[in-house]
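Here is a short briefing on one protein structure. Look over the sequence and the model, then read the points below.

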Amino acid sequence: MKKILSNTLKISALILLVSFSSCKKFLDIVPKGQKTPTTLADYEAMIRDEYGNQRTPITQAILLMNDKFETTANLNYYPLYSANYFWNENTDRIPISGSDEGTYYTPYTGISTSNLLIEHVPAATEGSDADKAQLIAQAKVLRAVNYYVLANNFADTYEAANAASKLSVPLIQSADINAPHTQVSIKDLYAFMLKDIDEAIPNLRATSATALHPNLGAAYALKARIYLTMGQYADALSATNEALKYNDKLFDWPQFYATYKTQIEEADKYTNAPSPMGFDFVENYYYRHGSSNFSGRESALRTDRATKFETGDARFASRWKLRTVAADTYYTSITIGFFNYGGLTTTEVYLIKAECQARLNDVPGAMNTLNAVRVKRIFAQNYVPLSASNTVDAVKLIQRTKANELINSITNFADARRLNKDPNYATTLTKTENGQNYSLSPTSHLWTMPIPLGAIKNPGNGTIVQNVSK
């Protein structure tokens, strides 16, 4: 994607925004050789900062979920990686949290940009009122995206019974570097996210300038995700139906496999095809990177994780291939390019819809929605429509597909956390490593990540309370 502003201006300015080191405002600080943003185009360009504003680095959540193969070198070098990967409940993760602070500070960088746009775009020059309103609306959706990531890493999952009494993360609504903040309750943070989305929707359009700019479909898709996490199934279902009005397309993975079949099946060949899941992915409502904003490969998968995909899953077969290097055997990535790990897609919306239908006792409708996704994933010779006789069985089938479809996303982690609160779906994770068995209880404190110690010690103009014991 084209970068409009120099990385020096954008990144240095945004670091200043989250440092809480001065009472000056961002617009009072003009880097040498740069200019103060004044036009609507100047402000709009900030959304296109893919490194600062369009990433969702959630390495620790992915490790905890057992959703990637991790190198021995990283596990030996980073105690935090090892604690989450091996599900070590005895390790105090708080003192070692500084080895991976990206999941905390990257969203707050994006929130700072959103706050700046919301505050200063009304005074921008060379833009219509409607275009200004749209940019502010897009900033509010992005702010809600970032708060969802924070809430589902550093606070407990949403439960109506205790959401008002448990703390979430600091709520920052100003671009002023030294602005005061409050660590709000989980209930209040979710209400804030929904308020942002509801205020944004009237000023968004069906299409937007790029995949990085949220549109109406993206807003409704995010609303559905949030309501599902809250267990408000009727509201989530309504939002999915709205989102699907703007995009209901599903990518045909068996066709993709057929196109690249020769390369994929060639022995000892491990770079086979360009990723179809980039900026122009047909399923996109909104595109967002994972940890990196550069073109590359996906993370490798553990062999035991690969067994959780359905037999005949063309999406899996198109993306990973079994490989042995020295003493390690794993499924290596075989596509190159960009991957929409952090954004919003039609697949997620279809699967939210399916779960909501099941929860609201429309099990046949839920299975029809699930099968609409599966028929675009499973090879024809393997495809059999799924059915279920009750809500619990339907939700389990839906979640099996969803966990595979949205692997490496915040959605999978958020889903696991909320489902672990329900005895019908709570799951103990197990694995064997070097002959030793490991397990992760659905009630483990590891499911909530510690707020980085650096943030606790340097909270800015407010206080921050740790949300987990260790």
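Predicted model: local features only at pLDDT ≥ 70, side-chain atom pairs only at ≥ 80, totals over all residues.

**Inside the fold: cavities, cores and a hairpin**

**The largest cavity**

- Searching the whole structure turns up nine cavities of 30 Å³ or more.
- The largest cavity holds about 200 Å³ of space.
- Its lining is made of 20 residues.
- Nearest the centre of the largest cavity are Arg315, Asn340, Thr345, Glu405 and Leu406.
- Two helices, α14 (314–319) and α15 (346–359), each give at least two residues to this lining.

**The second largest cavity**

- The second largest cavity has a volume of about 120 Å³.
- It is lined by 13 residues.
- Closest to its centre are Gln60, Asp100, Phe154, Met449 and Pro450.
- Which helices each supply at least two residues of this lining? They are α3 (59–64), α5 (79–85) and α7.
- By type, the lining of the second largest cavity has six nonpolar, five polar and two charged residues.

**The nonpolar cores**

- In soluble globular proteins, nonpolar side chains tend to be buried together.
- In this model, the largest nonpolar core has 108 residues.
- Which residues have the most contacts inside the largest core? They are Leu117, Tyr147, Tyr190 and Ile226.
- Helix α7 (residues 129–154) gives the most to this core, supplying 14 residues.
- Another core, of 15 residues, lies apart from the largest one. Among its members are Trp253, Phe256, Ile264 and Met277.

**A closer look at Tyr190**

- Leaving out residues up to four places away in sequence, Tyr190 touches Tyr148, Ala151, Asn152, Tyr158, Ile226, Thr229 and Met230.
- One of these partners, Ile226, is also listed with Tyr190 among the residues with the most contacts inside the largest core.

- Strand β5 (residues 320–325) and strand β6 (residues 328–333) run antiparallel.
- How many bridges join β5 to β6? There are six.
- Across the pair, Leu322 stands opposite Tyr331 in β6.
- The two strands form a hairpin, with two residues between them.
- Ala326 sits in the turn and has a positive phi of about 55°.

Note on methods: Residues numbered from 1 in each chain as written. Heavy atoms only, no water. Core = buried A, V, L, I, M, F, W, Y, C linked by side-chain atoms within 4.5 Å. Buried < 20%, exposed > 50% of the residue type's maximum accessible area, 1.4 Å probe, protein only. Helix = DSSP H or I, 4+ residues; strand = E, 2+ residues; numbered from the N terminus. Contact = heavy atoms within 4.5 Å. 1 Å grid on protein atoms, 1.4 Å probe; cavity = no way out; pocket = protein on both sides within 12 Å on 5 of 7 lines; lining within 4 Å. Points joined across faces, edges and corners; volume = space filled by probe spheres on them. Nonpolar A, V, L, I, M, F, W, Y, C, P; charged D, E, K, R; others polar. Pairing = 2+ DSSP bridges.
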